[in-house]
Amino acid sequence: MNEQDSLTAYAASFIDELARNQVKHAVISPGSRSTPLALLFAEHPDITIHINVDERSAGFFALGLAKALQEPVAMLCTSGTATANFYPAIVEAFYARVPLIVLTADRPHELRDVGAPQTIDQMQMYGKHVKWFAEMAIPENTDVMIRYARTISARAAATAVKQPSGPVHVNFPLREPLVPAMKDVQTYRGQREATVQVEAGELSLSLKQMDNLANILSQSKAALIVCGELQTTESREAILQLADKWNVPILADPLSQLRSGQSAVNIIDCYDTILRDERACAALSPDLILRFGAMPVSKPLLLYMKKQRQAVHMVVDGGGGWREPAGLATNMIQSEEAVFCHGMTARLPEVQDSIWLSQWITINHAAKQALSSIRDGAELDEGKLFSLLSDLMPEDSHLFVGNSMPIRDLDTFFFTNNKSIRTYANRGANGIDGVVSTALGVSTVKENTVLVIGDLSFFHDMNGLLAAKLQKQNLTILLVNNDGGGIFSFLPQSSEKDYFEVLFGTPHGLDFELAVKLYGGKYHKVQNWDDFQENFTKSFTVPGLKVIEVPTNREENVLKHRDLWNYVSREMNVVLDKEKS
């Protein structure tokens, strides 16, 4: 048995086992050392490949695919610094709990640490940012080693999806020759069932634990449910059922997916603005906070929760993690969210009327009415852009939002609606890198995808646009261009006028039309709101990459936000005065 036969049997078995374990997509960056795996991915009939030249963009592209599909995606690169360029996406996937199977080709052991080209130390290179690492053995075509290759493959897929989901890393040392015997690949495909059936259960509580927690919840007179990013439809539906029976408000982050397609009256969508007002915070003091999902985007909400030291703080996490930056948890509940909610719903008595809920709904309505006044402005404005999106987005569409100001404006101005608009963002590590590529990954498998992104974040990942050109991706990008880092204008360092622009404002003066045309996209710079609405609506009927630039002014944006928050505060105080009287 020669080395080519060993390589073919071993690598083909590994790839085939991924397919048997429902890995349907692989993102591949070209390279020499990864040749056998790349060829075998391309040859497998049950795996769709996506080529992305830049490994950094490729990692985020795979992240977007996995987010949209809610299933593991493989990503492959060659040896050397190519592997390091995967790192930012792996970090994001780890903290955002997104399943990725990271495959890195490597030089064989005899070429390591001797000055061979494209050779770096790839052992455990992603450290604690992957759930599991495996260094593969050199390929052999024996029954034991073929079974070993399939077992590692099955384990990698199972570990990636096991809660909490996340990335795993498998490193492949490979000797030359690097081209497998493609004519023999069918021999190593075998039956369609997985070699190792991995049965993963879900976290749940005992009946006694359920009873004890239900007793605590039943004693509450002013409870809040707080929802960050939620992974499953089942958990969202179960939370809504619990809130309906318990008759309590739900403070729903836009990434919870509870703001779109829901008719529940107890969903509070303006809490970020409400909780900026000290009087409102004092009037809305809970005795219990029950939190699901990742920590919400809103800083006012975090500060508000930190003040509620008298309250019981429960955090429910089906991944068994510790997502509790407020540092006030009285109960860390390691249970699958839907299972917990069904248990509580079955045990809690039905609450008919709630003055507490009515107060939240009344104040939320006043805040929403005041915030909606931003639509009256004629100037191009970031807040108004998000206020219009729920009207202009098609049914069953997908909205990806960049970090810094876009995600915060989404939180403030994207209200509840009856459309099924799914929202996405990279909120694991909250970085501005790789956002274009992640959105392109989503658009690969989801129609009517829109990305709203700031100019600096767009600049960070312009390389990602190559995938749109090569793969003929359909994506509409709303590029909010305020010529710099808009979020810093809201932070304390904005008072340091002598150094603010050079260190934080960072104006770039780039003409993005040239970049868009470089990658074969269609570009339009809007002049007014009628122009925006016409071009945005039309973009869903035009194939390919479309970039609609919305120019705004950083300083004016800050003033408008602060004036609006003051106006909302006055309107809420009118409501509070009526309730007091």
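Reply: Helices (H or I, at least four residues) and strands (E, at least two) are DSSP runs numbered from the N terminus. This is a predicted model, where local features need pLDDT of at least 70, side-chain atom pairs count only at pLDDT 80 or more, and totals for chains, interfaces and linings use all residues. Residues are numbered from 1 along each chain as its sequence is written, and side-chain values use heavy atoms, leaving out hydrogens and water.

Me: OK, at what angle do H3 and H16 cross?
Reply: Roughly 45°, with the axes of H3 (residues 55–69) and H16 (residues 435–445) coming within 6 Å. So H3 is oblique to H16 (under 35 degrees is roughly parallel, over 145 roughly antiparallel, 65 to 115 roughly perpendicular, the rest oblique).

Me: Left-handed or right-handed crossing for H3 and H16?
Reply: Right-handed, that is, the near helix is turned clockwise from the far one by less than a right angle.

Me: Which residues meet between H3 and H16?
Reply: Among them, Phe 60, Phe 61 and Leu 65 in H3, and Leu 440, Gly 441 and Val 442 in H16; contact means heavy atoms within 4.5 Å.

Me: Switching topic: which strand gives the largest share of the lining of the largest cavity?
Reply: S11, with 3 residues. The strands giving two or more are S10 (288–292) and S11 (312–316).

Key
Axes are lines fitted to C-alpha atoms, for helices over the stretch in contact, and angles run from 0 to 180 degrees between N-to-C directions.
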